[in-house]
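Colleague: I'm new to this one and would like to learn how to read it. Could you walk me through it, a feature at a time?

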Amino acid sequence: SSGINAEYGGNNGRVEATLFRVPLLCLPLCTDGLHNSVMVARNGLGMLVTREELTLARVQELSQEMIVKRQEFVRNMDKAVEIVTQGPTSAEAVILFHVEHMAKHGNLDYLSNKVIAKQGIREIYNLDLLAVVVVVLWAVVGALCAVCFRIYRYCRFKIKAKTE
């Protein structure tokens, strides 16, 4: 085992890797992968390879760098696990937790979602995926209408033929 985990940046893999202190090499491909991968890199829990820079050489380079820096990632994961396990549950406890966290660590920058703020509407609502679904649905409805129209014409022809 190399001691690192390469994955697309999904929430489950990110949480499991953090809890087991396995640094992440994130290769975001879809859905929440990019947001989670940016959070992983920003918090020092692993590294991010974007689609544009995704080559075998780049992955090998980052993998080697991560193996060298493994203890640094593990220290950051220890801190993240401590924050999560000490997390609050009630609304009052959540507010108190964040105030104490700000006093201890200096800011609440981790609460703002800078990735989503920079994304366009198409990315936020996955409109590219929605467009495909609409086109497929339109094609299916169109095909059904065409079949129904042909059946109607056939039946009308048969009825007209019987009456004559």
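Modeller: Let's start at a loop: Arg 21 sits in the one between helix 1 and strand 2. Helices (H or I, at least four residues) and strands (E, at least two) are DSSP runs, numbered from the N terminus. Keep in mind that this is a predicted model, where local features need pLDDT of at least 70, side-chain atom pairs count only at pLDDT 80 or more, and totals for chains, interfaces and linings use all residues. Residues are numbered from 1 along each chain as its sequence is written, and side-chain values use heavy atoms, with hydrogens and water left out.

Colleague: What is the phi of Arg 21?

Modeller: Near 55 degrees, which is a positive value in a residue other than glycine. Arg 21 follows helix 1.

Colleague: And is Arg 21 buried or exposed, or partly exposed?

Modeller: Buried means under 20% relative accessible area, exposed over 50%, and partly exposed in between (1.4 Å probe, protein chains only). With 27%, Arg 21 is partly exposed.

Colleague: How many helices and strands does the protein chain have?

Modeller: There are 8 helices and 3 strands, and along the sequence they run β-α-β-α-β-α-α-α-α-α-α. The protein chain has 164 residues, and 22% of them count as buried.

Colleague: Which residues are buried in helix 1?

Modeller: In helix 1, residues 11-19, the buried ones are Gly 13, Ala 17 and Thr 18. Looking down the helix axis, they fall within an arc of 125 degrees, so they line one face of helix 1. That arc is taken from the directions from the helix axis to the C-beta atoms.

Colleague: What do the buried residues of helix 1 pack against?

Modeller: Strand 1 (5-7), strand 2 (24-26) and helix 4 (70-85). Contact here means heavy atoms within 4.5 Å.

Colleague: How do I describe two packed helices?

Modeller: You give the angle between their axes and the distance between the axes. Axes are lines fitted to C-alpha atoms, for helices over the stretch in contact, and angles run from 0 to 180 degrees between N-to-C directions. For helix 1 and helix 4, the axes come within 9 Å and cross at roughly 105 degrees. Helix 1 and helix 4 are therefore roughly perpendicular; under 35 degrees counts as roughly parallel, over 145 as roughly antiparallel, 65 to 115 as roughly perpendicular and the rest as oblique.

Colleague: Which residues meet there?

Modeller: From helix 1 come Ala 17, Thr 18 and Leu 19, and they meet Met 77, Ala 80 and Val 81 of helix 4. By class, this contact has 5 nonpolar, 1 polar and no charged residues. Ala, Val, Leu, Ile, Met, Phe, Trp, Tyr, Cys and Pro count as nonpolar, Asp, Glu, Lys and Arg as charged, and the others, Gly among them, as polar.

Colleague: Why does Thr 18 count as buried?

Modeller: Because its relative accessibility is 10%. Leaving aside neighbours within four places in sequence, Thr 18 is in contact with Leu 45, Met 77, Ala 80 and Val 81.
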